[in-house]
Amino acid sequence: MFKRTQPSWSPPASSVNRPVLKLYNSLTRQKEEFICNNGNHIKWYSCGPTVYDAAHMGHARSYISLDILRRILSDYFCYDILYVMNITDIDDKIIKRARQNYLYEKYMKNNRDINSTLDDATAALNYYDGLVRQTTDPEKRNTMQKIFENVAAAVKNLKSAVEMNDTEKINTAKSKLIESAADPLSAWLDNRYGSTVTDNAIFESLPRHWENEFHKDMKALNVQPPDVLTRVSEYVPQIIRFIERILDNNLAYESNGSVYFNVSGFDERDKHRYARLVPEAYGDTKSLQEGEGDLSDDTTEKRSPNDFALWKRSKAGEPSWPSPWGSGRPGWHIECSAMASDVCGAQLDIHTGGVDLKFPHHDNELAQSEAHFDQPGWVKYFLHTGHLTIAGCKMSKSLKNFVTIQEALKRHTARQLRFAFLLHGWKDTLDYSNNTMEMAIQTEKQFNEFFLTVKDALRSGYAEGHGGCWGPEEQQLSAKLTKAKEQVHAALCDNIDTRSAIEALRELMGASHMYLSSRAQCEPVPSPLLASAGRYVTHVLRIFGVITGRCDDIGFPVADVDVSVEERVMPYLEALSVFRRQIREEARVLGADRVLQLCDELRDYHLPALGVRLEDKTDRTVVKLVSREELMKEREEKRIVEAGKQKMKQEMLEAQQAKGEQRKIPP
């Protein structure tokens, strides 16, 4: 009777240690196991753009990479994320650009005679020459020097046209001068009349416009919007209170209407350290001054060159808000600290941004936030996305390789750009070049061909269902699917290594193709494994943000149409395919070459224009739905290859004929 009691149970013994998620933390410069402060909930703050111009590929490098990280942490590791991002709409760059745009547009509305135009252009040129000489950045100076030379040439051409008294040449030269002199004129006008610009609306319209454009770009790149979006202009009262707390803790001081952070006082305290991210940059006054902004001239007000502005006294021609220290505006670094702390509290799980923000921006954020809360550890994990280069060079207007997001999207799709980012480590430098994008395009094609092949196989009899066999081929595919899932998990645990995860998926796709090849001579049988492989690859790419659409579909959705279009039209296309195949077979028997030619034209020209690809195999014709643009591109590439072959054939024929003619010549 003793066996009638509940028997004992032993858990399975495992010799394999399951990998845990580790992230490269800039605070320690190594991979650290990721642990949330509060269970499964992540408080995540990401530095947003300073909106004064069009977003470029450097922005895309950061925001696409961070979107991939966010999706994986949320949709794969199932963390509950509060994602906060700011919009910097109060900044020296914005103020200067808005003022210059306003003054230039006002100047252009007034019709000026030739002499006034020449006088103003010459004065602007002289002023701009001084700016060029003061500029220390080599690339920026090179750009400005080219502008200066173009304007100088335009002034010379206009003077020459005036001397010739040629009205047509004068008008043409005047238009070219005004067009080329936009930057020098704007800078000159700002220097003369910038202090007269007092309407705050002028400083609001520019950032609003570029913020809207930024959001459009992010939507086009399939970047998820933040859960909370903060704007500096809407947070001035909270920023003032944040600064007051730092003053109360005796780690800041007021000077001539501005407030500065006391770096040495902060660093002297036992529990605090300045420059946690880049300690070797302590005392880098050049970087610190760049962080203070173009309109800052506060060297006489600071106690130390290492100190930085928390609140800036507004000068004439700058927007201002009332404060206990007088009219002014927030410094750049304090904005993020105040907004992040207001939403997330005294501690962040993750703070992200581009690697160029490490020092001084993020180090200053850390210092002032720790000074505010009077405790270290404001951020637990600091993640920085890598630099972006253009064909091996730094992106620069002087090198004529400056690429906006809109320009990039004219060359490649958002999916191809995302593949390019997935094939590189998120913290490494990414080179945006033809080679990089060609690799991304080929990767996209590999996945698309896999999806099309799997869907064709499922329609041909390998569909999920009861029965089927479980032979050696199925065992191999099952083992490969299991291994792929383990490899993807290990890769994502290892600092979100999407490149290795993509490679694991490639191996699974190869195993699936081998499975179909091994059964090519057999009757199709129900194969749930094949569908599982297709769905798993789709699932991972959907997590990466590569695929959108219904969760039960396999593969990429067909562009610009309802996602269920494949189910609707495929029976008709299959019927057409079978009918065409029967016609071709009869035509071969009858020797009807013209009918065969028409069948080929249907396959090569008419159906691709509708987004349909036919592939004639030995025993059947495969039907695939592909985007029309891709098929048109394939057809053009095929035409170029064929033209090259014909040209080579013609050249070889001509060479043979030439040799034949030479042989006819008597010795």
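A cavity is here a set of points, on a 1 Å grid over the protein atoms alone, where a 1.4 Å probe fits but cannot get out, and its lining residues have an atom within 4 Å of a point. The structure is a predicted model, in which local features need pLDDT of at least 70 and side-chain atom pairs count only at pLDDT 80 or more, while totals for chains, interfaces and linings use all residues. Residues are numbered from 1 along each chain as its sequence is written, and side-chain values use heavy atoms, with hydrogens and water left out.

**View 1. The second largest cavity and its lining.** Y107, T117, A121, L177, I178, A181 and L185 line the second largest cavity, which holds about 30 Å³ of space, a volume being the space filled by probe spheres set on grid points that are joined across faces, edges and corners. At least two lining residues come from each of α3 (114–134) and α5 (167–180), helices being DSSP runs of H or I with at least four residues, numbered from the N terminus. The lining comprises six nonpolar, one polar and no charged residues, where Ala, Val, Leu, Ile, Met, Phe, Trp, Tyr, Cys and Pro count as nonpolar, Asp, Glu, Lys and Arg as charged, and the others, Gly among them, as polar.

**View 2. The largest cavity and its lining.** Two cavities of 30 Å³ or more are counted by this rule, and the largest has a volume of about 50 Å³. Its lining is formed by S65, I68, L69, F421, H424, W426, I496 and T498, with helix α1 (residues 57–76) giving the most, three residues. By class, these are five nonpolar, three polar and no charged residues.

**View 3. The packing of α15 against α17.** The axes of helix α15 (residues 434–462) and helix α17 (residues 498–518) come within 11 Å and cross at roughly 35°, axes being lines fitted to C-alpha atoms over the stretch in contact, with angles from 0 to 180 degrees between N-to-C directions. The crossing of α15 past α17 is left-handed, meaning that the near helix is turned anticlockwise from the far one by less than a right angle. Among the residues that meet are F447, F450 and Y462 in α15, and L505, M509 and L516 in α17, contact meaning heavy atoms within 4.5 Å. The residues of this contact divide into nine nonpolar, five polar and one charged.

View 4. K93, in helix α2 (residues 92–109), is partly exposed with a relative accessible area of 39%, a class that lies between buried (under 20%) and exposed (over 50%), for a 1.4 Å probe and protein chains only. Not counting residues up to four places away in sequence, K93 touches Y52 and D294. K93 and L295 are 202 residues apart in sequence and 8.3 Å apart in space, C-alpha to C-alpha.

Definitions and conventions: 1 Å grid on protein atoms, 1.4 Å probe; cavity = no way out; pocket = protein on both sides within 12 Å on 5 of 7 lines; lining within 4 Å.
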